[in-house]
Amino acid sequence: MTQQDNVWRRIAAGIGRPLLAIALALLIGLVIISIAGEDPIESYRALIGGAFVGRSNIENTLVRSIPVIASGLAVAVAFACGMFNMGVEGQLYLGAFAAAWIGFSIKGVPPLLHVLLAIGLSAAVGAAWAYLPAIARIKWGTSEIVTTMMLNYVAQYFTSYLVSFPFKEPGDLQQTPAIFSSAELYELSAASRLHLGLLLVVVFAVIIAFLLKRTALGYEIRMTGLSPSVSRASGISTDRTAIRAMLISGAIGGIAGAIEILGVHHRFINNFSPGYGWDGLAVSLLAKGNPIGILLSGIFYGGLQSGANIMEFATDVPKQLIDSLRAIIILFVAADFTGLKLLRAKPKLPRGGGKSGCKEVKTCGRSV
Amino acid sequence: MASEYALEMRGITKVFGSVVANEDVNFKVRRGEVHALVGENGAGKSTLMKILFGLYQPDAGEVFLNGKRVVVRDPSDAIKLNIGMVHQHFMLVPSFTVAQNMILGVEPTKGVKLDLAEAEERIRELSNACGFTIDPKARIRDCPVGVQQRVEIMKALYRGADLLILDEPTSVLTPDEAEELFEIMRTLTRQGKTIIFITHKLREVMATAQHVTVLRKGRTVTTVSIDETCEEDLALHMVGRKVELYSGKDSVKPGEAIVKVDNLWAADQYGRWRLRDIGFQVRAGEIVGIAGVAGNGQDELVDVLMGLKKPSRGRIQIDGQDVTGKTSNVVRSLGVGYIPEDRYERSMIRDASVAENMLLGFEHDERFNGFGLKLDTIRKWADELVHEFDVQPPLLDIPARSLSGGNAQRAVMAREFALSKRVIIACQPSHGLDIGSIDFVHKQLLDRRRKGYAIILISSDLEEMLYLADTIAVMYKGEIISSFPNRDVDEKRMGLLMAGVRDAEPEEEAR
């Protein structure tokens, strides 16, 4: 048996289960569509065609997947360390606002620098927002699952306030003034608004993959996630490592928001995110936290979303059906996850944190 | 005719993989007695009791209750057979009341309605019969530990237990609470209940039991009446008699003191002192053995030395540097190798690969970390270690959990020896290993001793201690009550010391 065989077998084992989950979900969708009296084959053809066939459809899918992929990467870094960052949505909102603010309030900055400034501040803001729950977890043992989730509301409503009062553009809409063109991300296609963010998330995925697999920090993050007690006894400062993982996670969450603003909306719009952070959680789960896998599952998720619109248009099947399919996929994937976790945790934590953690993931999968 | 024995277990054997947990164990308990079951950690007490309670199935052997052969498939069978078990860690719901906990799973009902009043009445009766009072309406989280334990005992009685297994019941109690527990045990046996009392504390055995059975390495060593034994005898039975003589080692002239520990005190989370005024030195080329019955502060001492627990007072110096209260990464960066007792809690990550496990503690080493980790160099190095220490199978990509105990221990030693510069702390290094691996571990430790390492050996295995150590320090209740060179050590004296009887003051009472 060669090394090569091994690698392929591992890849096959890694994607086998998510694919099975997807197949099962599509099968259930087939049954539902049939019961509703529609033609399932026709509907699926419209769905898949609408997502992945033809240049403009593919581009729409990609536009839609960019923030989801970035959010997925954010979730993955924290999860590798055993931390559940359910607060990507909030980090994304704050990061988006920070980027927009840099974009519309500073004039005359060279284009590249302007974008970097915007992304830099959004990363800092996202990291700071993730630092609060991380430090609460380390100091007082507060469940970061709960705190990150609750801080989402704080972040979202805070940006709502900012965009409704101090930074509101005159007019009827709750939005800020447009950012200067120097802060906009380069547009790759005018029709679909596909922008440079696509390249950015690919680069980020590679960086995160390198960080986790090939650096000492990433190694410490993963080992801490697998066994905090052994890691601590082996001289890894687990508290510091967990905080770093959350800071990185929060920073990427903030950047996810910045990319969406600088690339698509070119201004901050109240409640602009249809739940990218939550989708990120789902794609991260589907890819089992593998950064390259997140690229694929993110595009798949984006495709479901953009294809759903086409399907609704072409047939009588409402696009909400696709929402349920996505939830079902996550349910299957998460069920596998929790099953494994429970078995492993059983001797020590009959009612411990691990279990409730996984439960949360499942619930959020459903709410996506 | 009913047998005079409430319980007889005959020829019980239980094997887990390559480890024999129980081998042909015979265990008989008379009706109406307190029967103590003693032995070191890993001697097979819990396995035997889990078999009795139906949590494990024996590979061979039979169980008789009151002379009748029974098969206990699971705990609900055990409860039906009137066996009750009080676990070391309580299985109570903190936010429920005493009564609610008591009836959990066997709720009395009136129609479809829960009949709590009836339950509360039964609890009052039961507690009066046991000679104590308890408020059925009190919430568990407001009850002291001693009371929670009584609730556990009553839970078993409420389910009709005649044979009660108490698994190290005093480990969580204060001395006063323990005394009260013993009184309850006496009351219960007077009412015809039979109690199996698992403990390491020999004084408690002498104070409460009528008979005692000693297990060692999965086998029954002896069953004796309390009148015919004493604490020292029991201690020797538990750890095994001296078989190897001190002659097996080269003589190494110890060098300068590398580890210096001075006036060290540490408390546990409940504020009880677990280390009292510990002081010792370990010189280069010397093995200092910390002996004693488990639970006398050895674990806490290691935690404090390794920077995993902060001492309240005192000073630790390693290689001339003060590391008191420093974290484990500081201690380890000074080159302290650590071979822990509990492998999967301390030294091996089950779900990480062997290669990843070998890197623990080396991830910042410049040989392996330049711009990113040098995976090829790491693999090559890990491969060498795995072969040098003969880890089987010698594969780097399998998860560590698929290694057997002996091989996992070899992998840990390989890494820790590579990491250590001058100091090694080894805790029960041969615990749970087969003879071949034990020999390997001992040879490796002696080899390091020859190379001038300062080695601290924590072991409750007397044979191992006498074979390896140059100096022996005996811990009892958090204190080093005696330390002496390992020369013409007399077994009787070791036994006395481990039972807490100091040299030259043999009648001293434990505080």
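This is a predicted model: local features need pLDDT of at least 70, side-chain atom pairs count only at pLDDT 80 or more; totals for chains, interfaces and linings use all residues.
## Helix pairs in chain A

Two packed helices are described by the angle between their axes and the distance between the axes. Helix H3 of chain A spans residues 55-80, and helix H10 of chain A spans residues 238-265. Their axes lie 7 Å apart, at an angle of about 175 degrees. H3(A) is therefore roughly antiparallel to H10(A). On the H3(A) side, the contact residues include A:Val63, A:Ile66, A:Ala70 and A:Val77. On the H10(A) side, A:Met246, A:Ile252, A:Ile259 and A:Glu260 are among them. The contact of H3(A) with H10(A) has 17 nonpolar, four polar and one charged residues.

A second pair joins helix H7 (residues 197-214) and helix H12 (residues 291-314) of chain A. Here the axes come within 8 Å and cross at roughly 150 degrees. An angle over 145 degrees counts as roughly antiparallel, so H7(A) and H12(A) are roughly antiparallel to each other. H7(A) brings A:Val202, A:Ala205, A:Ile208 and A:Ala209 to the contact. H12(A) brings A:Pro291, A:Ile292, A:Ile294 and A:Leu295. These residues divide into eight nonpolar, no polar and no charged.

## A buried strand in chain B

Strand S21 of chain B runs over residues 423-427. Five of its five residues are buried, so S21(B) is largely enclosed by the rest of the structure. In a regular strand the side chains alternate between the two faces of the sheet. In S21(B), both faces are covered. B:Val423, B:Ile425 and B:Cys427 are buried on one side, and B:Ile424 and B:Ala426 are buried on the other.

S21(B) has parallel partners. Four bridges join it to strand S18 (residues 336-339) of chain B. In that pairing, B:Ile339 stands opposite B:Ala426. Five bridges join S21(B) to strand S22 (residues 454-458) of chain B, also running parallel. There, B:Ile425 has B:Ile456 as its bridge partner.

## An antiparallel sheet in chain B

Chain B also has an open sheet of four strands, in the order S14-S13-S16-S17, with antiparallel pairing. Strand S14 (273-283) and strand S17 (321-322) form the edges, and each pairs on one side only. Two bridges join strand S16 (residues 313-318) to S17(B). Across this pairing, B:Ile318 stands opposite B:Gln321.

Helix H9 (residues 298-305) of chain B packs on the sheet. It touches S13 (257-267), S14 and S16 of chain B. The direction of H9 makes about 65 degrees with that of S14(B).

## Where the chains meet

Between the chains, 26 residues of chain B are in contact with 18 residues of chain A. On the chain B side, helix H10 (328-333), helix H11 (343-346) and strand S20 (372-373) each supply at least two residues. H10(B) gives the most, with four residues. By class, the side of chain B that touches chain A has 11 nonpolar, nine polar and six charged residues.

How values were computed: Residues are numbered from 1 along each chain as its sequence is written. Chains are lettered from A and ligands numbered from 1 in the order in which they are written. Axes are lines fitted to C-alpha atoms, for helices over the stretch in contact, and angles run from 0 to 180 degrees between N-to-C directions. Angles under 35 degrees count as roughly parallel, over 145 as roughly antiparallel, 65 to 115 as roughly perpendicular and the rest as oblique. Two residues are in contact if their C-beta atoms, placed from the backbone, lie within 7 Å. Ala, Val, Leu, Ile, Met, Phe, Trp, Tyr, Cys and Pro count as nonpolar, Asp, Glu, Lys and Arg as charged, and the others, Gly among them, as polar. A residue is buried if 20 or more other C-beta atoms lie within 10 Å of its own, exposed if 12 or fewer, and partly exposed in between; C-beta atoms are placed from the backbone. Two strands pair if DSSP finds at least two bridges between them.
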